[in-house]
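This briefing covers the fold, the helix packing, the salt bridges and the surface of one protein. Please look over the sequence and the structure before reading on.

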Amino acid sequence: MDNQEAIAFAALWASVHTLRFMTNRGLISPNEVDEAYGSIIEAVQMGDADYAARVESRLAVTFSEMRKWAEERWIGKEQTNPR
C-alpha cells in the first residue's frame, strides 16, 4: 500500500468509526447503514480493483455488525420512513 492509499484508508476508517459510534447509540437506521456501505463500495470500485477488494472485504464485517446494531437500537423503529 502506498502513502496515498494509506491516507485514503485512514480517512475512510475514521468515517466508518463515526458511523459505528452513531449506530451504536441508535442514531442511524438499518437503511442508512446499507446506503452508507453501498456508497463507499461504489466509490472505491471506481479505482484500483485490488484496493477495492481489500476495502470491501474489511468493511463487510464491520457494516454487517453495524446493521445488526441499527436493527436493535435505532430510536426511530416505529417510523415508516427512516430518512
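Is glutamate 65 buried, partly exposed or exposed? Glutamate 65 counts as partly exposed, because its relative accessibility is 34%; buried means under 20% relative accessible area, exposed over 50%, and partly exposed in between, with a 1.4 Å probe and protein chains only as cover. This is a predicted model, in which local features need pLDDT of at least 70 and side-chain atom pairs count only at pLDDT 80 or more, while totals for chains, interfaces and linings use all residues. Residues are numbered from 1 along each chain as its sequence is written, and side-chain values use heavy atoms, with hydrogens and water left out.

**Overall fold**

- The protein has 3 helices and 0 strands; helices (H or I, at least four residues) and strands (E, at least two) are DSSP runs, numbered from the N terminus.
- Along the sequence the pattern reads α-α-α.
- The C-alpha atoms fill a box of roughly 45 × 20 × 20 Å, taken along the principal axes.
- Of the 83 residues, 33% count as buried.
- Of the contacts between residues at least 6 apart in sequence, 78% join residues at least 24 apart; a contact means heavy atoms within 4.5 Å.

**Packing of H2 and H3**

- The axes of H2 and H3 lie 9 Å apart, at an angle of about 175°; axes are lines fitted to C-alpha atoms, for helices over the stretch in contact, and angles run from 0 to 180 degrees between N-to-C directions.
- H2 and H3 are therefore roughly antiparallel to each other, a label for angles over 145 degrees; angles under 35 count as roughly parallel, 65 to 115 as roughly perpendicular and the rest as oblique.
- On the H2 side the contact includes Val33, Asp34, Tyr37 and Ile40, and on the H3 side it includes Leu59, Phe63, Arg67 and Glu71.

**Salt bridges**

- The whole structure holds 3 salt bridges, each defined as a side-chain nitrogen of Lys or Arg within 4 Å of a carboxyl oxygen of Asp or Glu.
- Arginine 20 and glutamate 65 form a salt bridge, with their closest N and O atoms 3.1 Å apart.
- That pair links distant parts of the chain, since arginine 20 is in helix H1 (residues 3-24) and glutamate 65 is in helix H3, 45 residues apart.
- Arginine 20 counts as partly exposed, at 22% relative accessibility.
- Aspartate 34 and arginine 67 meet in a salt bridge of 2.8 Å, N to O.
- This second pair also joins distant parts of the chain: aspartate 34 in helix H2 (residues 30-44) and arginine 67 in helix H3, 33 residues apart.
- Aspartate 34 is partly exposed at 35% relative accessible area, and arginine 67 is partly exposed at 23%.
- Arginine 67 also meets glutamate 71 in a salt bridge of 2.6 Å, N to O.
- Arginine 67 and glutamate 71 are separated by about one helical turn, because they are 4 residues apart in helix H3.

**Surface**

- The protein exposes about 5,400 Å², of which carbon and sulfur atoms supply 53%; accessible areas come from the Shrake-Rupley method with a 1.4 Å probe, and for residues only the protein chains shown count as cover.
- Met22, Leu27 and Ile75 make a nonpolar surface patch of about 300 Å²; patches are made of residues with over 30% relative accessible area and no salt bridge, joining like charges within 9 Å and nonpolar side chains (Val, Leu, Ile, Met, Phe, Trp, Tyr) within 5 Å.
- Isoleucine 75 lies in the segment after helix H3 (49-73) and is exposed, with a relative accessible area of 62%.
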